[in-house]
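I wanted to look up how they pair and where they gather.

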Amino acid sequence: MRMKGKFLALISVLLMILSACSSSGGAKEETTEIDFYFPVAVGGDVANMVDDLVADFEEENPDIKVNAMYGGSYAETMTQVMAAVQGGNPPELAVLFSIDLFALLENDVIEEMTPLFDEAYLNDFYDAFMANSQIGDKVWSIPFQRSTIVLYYNKDAFAEVGLDPDAPPETWEELVDYGKKLTVDDGQDQWGLEIPSTGYQYWMFQALALQTEDNIMSEDGKETYFDAPYAKKSMEYWLDLSRKHNIMPEGTIEWATVPSDFLSERTAMMFHTTGNLTNVKDNADFDFGVSFLPANNQYGSPTGGGNIYLFKGVPEENKEAAIKFMEFLTEPERVAQWSIDTGYVATRESAYETEKLKKYVEEFPEALVAREQLEYAHSELATYQNGEVQKIFNDAIQSILTGKATVDEGLEKAQKEAEEVLEPFQD
């Protein structure tokens, strides 16, 4: 009986030890869930790339779950995000247009980034991208998938008409001259050039204005210069490419159609985002080149693309998890790989010091063109009430290109309407 009692006592102690273990070290850690909205505005398999990034992050951080939600276009993603915010369920993070900054500030829905990251980290991002990411000394978003407009050209088509495949047009005059040589059978077989005039026509216009003289809005987002003399000259040149020089289709040219036309050799040159670089590289059946946009009085391109925003109204542990995910997405090695996989410009200077990006640009120097053009890059069109102002200007460009308004009529009307929209924001 004495042995039996000792045995039972031993079993009891073992059970207590096992119970203690299961209630302490063996306990499953709490998982923090964060929502992350992102758009896709270029060709390629970007959505799957984001899923892979999320999987890698979750493997490194098993206590954090990222709900990655593809929102469609930038505009569609913005609509979904704002619906979630207004419904009392803001996401932790979203990739939205860098130019959505004023609208997000106006609605008071985003966190300031300046206190969350050290100065060395923020200073590593290119100044041209930070121009749409901060106001004064306050940083409100982190550059993520950023771009400029570049000229893509078909080297084989150049060679066929006696043009040097390694000497793209450097000026507006040369662009017209090359375009005439490259246009085959009045565009029935091949156009010399295509510039998209839907979706982001304001962006294409900005490039021409910057090449002529200056940008089309003030840095504080309160003024536009749509009817400035240099803006009118830029619009006249765009219109002349089709009406006068016959090197480009008249009327509307769809944003998404232009890269397809280039890849199918329906056009020998195109203005488009560097975000399409990997798509063109992977799918072109011909030798192609990439260069700065041709200059008028100077080189120039607006920056474009999306930044990461952190939203207000989320629990502190979610905010910390979101910051960790932002740091993960913007590590130099990962920024380098994202640039290689998508064609977007690597947003951090240190990314170009990584071995993988050094090797990539050595083998594919076209990937450096957009970065080098940053020296001549300026902020994308961003104002208060930006959606409304942007629509006014897009509609004006469309009306001019389709012959419904003259250059003067279209741009002066757009300027007047933009001034009315921005009037409440004047000091």
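Predicted model: local features only at pLDDT ≥ 70, side-chain atom pairs only at ≥ 80, totals over all residues.

I began with Lys181 and Asp177, which both lie in helix H8 (residues 172-182), 4 residues apart, about one turn of the helix. Helices here are DSSP runs of H or I, at least four residues, numbered from the N terminus. The two side chains meet in a salt bridge at 3.0 Å, N to O. I took a salt bridge as a side-chain nitrogen of Lys or Arg within 4 Å of a carboxyl oxygen of Asp or Glu. Lys181 is partly exposed at 39% relative accessibility, and Asp177 is partly exposed at 36%.

Residues are numbered from 1 along each chain as its sequence is written, and side-chain values use heavy atoms, with hydrogens and water left out.

I then checked the salt-bridge count, which comes to 15. One of them joins Arg334 and Glu60 at 3.9 Å, N to O. Arg334 is in helix H14 (residues 332-342) and Glu60 in helix H2, 274 residues apart. Glu60 is exposed at 51%.

Next I looked up Lys319, which forms a salt bridge with Glu111, closest N and O atoms 3.9 Å apart. Lys319 lies in helix H13 (residues 316-329) and Glu111 in the loop between helix H4 (101-106) and helix H5 (119-123), so the pair ties together parts 208 residues apart in sequence. Lys319 is buried, at 15%.

Technical notes
Helix = DSSP H or I, 4+ residues; strand = E, 2+ residues; numbered from the N terminus. Buried < 20%, exposed > 50% of the residue type's maximum accessible area, 1.4 Å probe, protein only.
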